[in-house]
Amino acid sequence: MEPEVAPVAPVASEAPAASVDAEPPAVPAVAESPAASEPPAAPAVVAEAPVVPAPTAPTAPTAPTAPTAPTEPPLASAPAPEAQPTAPRKDRRVLRAVLRWGAAVVVFAVVGAGTAYGISGMKRSDVPGLGTASDGRWAFPTLTKPPLPAGSPGPFATANAAGAHFADLRALLLPAPKGAVGDKAFDGTDGWLATKVFLAEFSAADDRTEIAQKLTDQGLRHIAARGWTTPDGTHTRIYLLQFDTATVADEVSKGLAGYAAPTYPVRGADGYESDDDFPDAAKITNVSLQPYVETKPYGAEQVRLGFVTAGDTLAMIVQSKKGQADAVPFQQTVTLQSELLD
């Protein structure tokens, strides 16, 4: 029977229980024997004990039943499962790894959200690499419409059939942009401009005479004006002419603004065309607009001209600049003045 016991020793050395007891090789075979319920006197059972799949199942719990052998009490006191803490340790390592990576993800999410918030709250020109060159627009102060007298409707209210501006017309003038130098010649007396100063804007003497008569016939009430020159040399003039009703203001506008060109050219330009490049998005719904641009060849400076009709008020906006008058400042000026009159 000895030859059958000897091959069992290698299997016992691979079993986890071998690391606990330094007993002879033949003893672990009994601990892993599934046939321990047979009479202990039969040694043949010990020879058949090797269980080949034991290496793949290190946590075999059947070993504790082996203490049936009366001659080997020490083995019964050494259960194999208690000597295998590897699985719990591995579980704890996995848990710690999950916690560490979970914490890292949370930190990255918070930092990323903070960075996104910081960038979204900055101007595009303030973000390195995302600076946008200026398109030529001017920086105007904050615009605020003047308060209406108590109980007075706005110019486009349903109750205001005449389309009258009850707010002070002088307070509806667009202020000069930052860095511009104001033109004192447009201040007038108490903010009201003399009609002759407005008429001087037109080139021909005959045109000035004809326009003066039309303004008298249509009952011009008064003119508010403002002018300025920006550092790039652009000279801007804004005239607000107020009449009794919107119907009258519209009639005067049609007399000054032709379809393809102004009826009366302003000084500094003789040939005009309709400014078809004026963006529709920059136009105000309740305001009528007719913009023009001087055609080539122009002289020392180019002129841009626009007529804006809003209720009982007609605005004439003129910009001129040596070389070429930029489109963006003109569009910006026209739109902002239109918003104040809306």
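This is a predicted model: local features need pLDDT of at least 70, side-chain atom pairs count only at pLDDT 80 or more; totals for chains, interfaces and linings use all residues.
**Entry 1: a term to settle before I start**

I call a residue buried when its relative accessible area is under 20%. I needed that cut-off for Ala282, which at 18% relative accessibility counts as buried.

**Entry 2: the whole protein**

I began with an inventory and found ten helices and seven strands. Next I looked up burial: of the 342 residues in the protein, 33% are buried. The exposed surface comes to about 19400 Å², and carbon and sulfur atoms supply 59% of that area. I also checked how far along the chain the contacts reach. Taking contacts between residues at least 6 apart in sequence, I found that 60% join residues at least 24 apart.

I then looked across to Ser338, which is 56 residues away from Ala282 in sequence. In space, the C-alpha atoms of Ala282 and Ser338 are 9.6 Å apart.

Which residues touch Thr335, leaving aside its neighbours within four places in sequence? I found Phe278, Ala282 and Ile284. Thr335 itself belongs to helix H10, residues 327-341. Its relative accessibility is 12%, so I count Thr335 as buried. I looked at its side chain too: a polar atom there lies 2.8 Å from the backbone oxygen of Gln331.

**Entry 3: helix H9**

Helix H9 covers residues 246-256, and I listed Val248, Ala249, Val252, Ser253 and Leu256 as its buried residues. Why do the buried residues of H9 line one face of the helix? Looking down the axis of H9, I see them fall within an arc of 140°, so they share one face. On the face turned away from that buried side I found the exposed residues Thr247 and Lys254.

What covers the buried residues of H9? The cover includes helix H8 (205-217) along with strands E6 (301-310) and E7 (313-322).

**Entry 4: salt bridges**

I counted eight salt bridges in the structure and took a closer look at some of them.

- Arg170 pairs with Asp168, with 2.9 Å between the closest N and O atoms. Arg170 is partly exposed at 29% relative accessibility, and Asp168 is partly exposed as well, at 35%.
- Glu201 pairs with Arg267, and here the closest N and O atoms are 3.7 Å apart. This pair links distant parts of the chain, 66 residues apart: Glu201 sits in the loop between H7 and H8, Arg267 in the loop between H9 and strand E4 (272-274). I noted that Glu201 is buried, with a relative accessible area of 0%, whereas Arg267 is partly exposed at 41%.
- Asp275 pairs with Arg304, the closest N and O atoms being 3.4 Å apart. Distant parts of the chain are linked here too, with Asp275 in the loop between E4 and E5 and Arg304 in strand E6, 29 residues apart. Asp275 is buried, with a relative accessible area of 7%, and Arg304 counts as buried at 7% relative accessibility.

Which residues are linked in a network of salt bridges? I traced one that holds Glu201, Arg237 and Arg267.

**Entry 5: two backbone details**

I checked the peptide bonds and noted a cis one, which joins Lys296 and Pro297. Omega for this bond is about -5°. I placed Pro297 in the loop between strand E5 (288-294) and E6.

Then I turned to Asp190, where phi is near 55°. That is a positive value in a residue other than glycine. I found Asp190 in the loop between strand E1 (181-182) and helix H7 (195-199). Is Asp190 buried or exposed? With a relative accessible area of 63%, Asp190 is exposed.

- I would bring up Thr335 with its contacts Phe278, Ala282 and Ile284.
- I would follow the network of Glu201, Arg237 and Arg267.

Methods. Residues are numbered from 1 along each chain as its sequence is written. Side-chain values use heavy atoms; hydrogens and water are left out. Helices (H or I, at least four residues) and strands (E, at least two) are DSSP runs, numbered from the N terminus. Buried means under 20% relative accessible area, exposed over 50%, partly exposed in between (1.4 Å probe, protein chains only). Contact means heavy atoms within 4.5 Å. Accessible areas come from the Shrake-Rupley method with a 1.4 Å probe; for residues, only the protein chains shown count as cover. The arc is that of the directions from the helix axis to the C-beta atoms. A salt bridge is a side-chain nitrogen of Lys or Arg within 4 Å of a carboxyl oxygen of Asp or Glu. A polar contact is a pair of N or O atoms within 3.5 Å; within protein, one must be able to donate a hydrogen and the other to accept it, and residues adjacent in sequence count only if both atoms are side-chain atoms.
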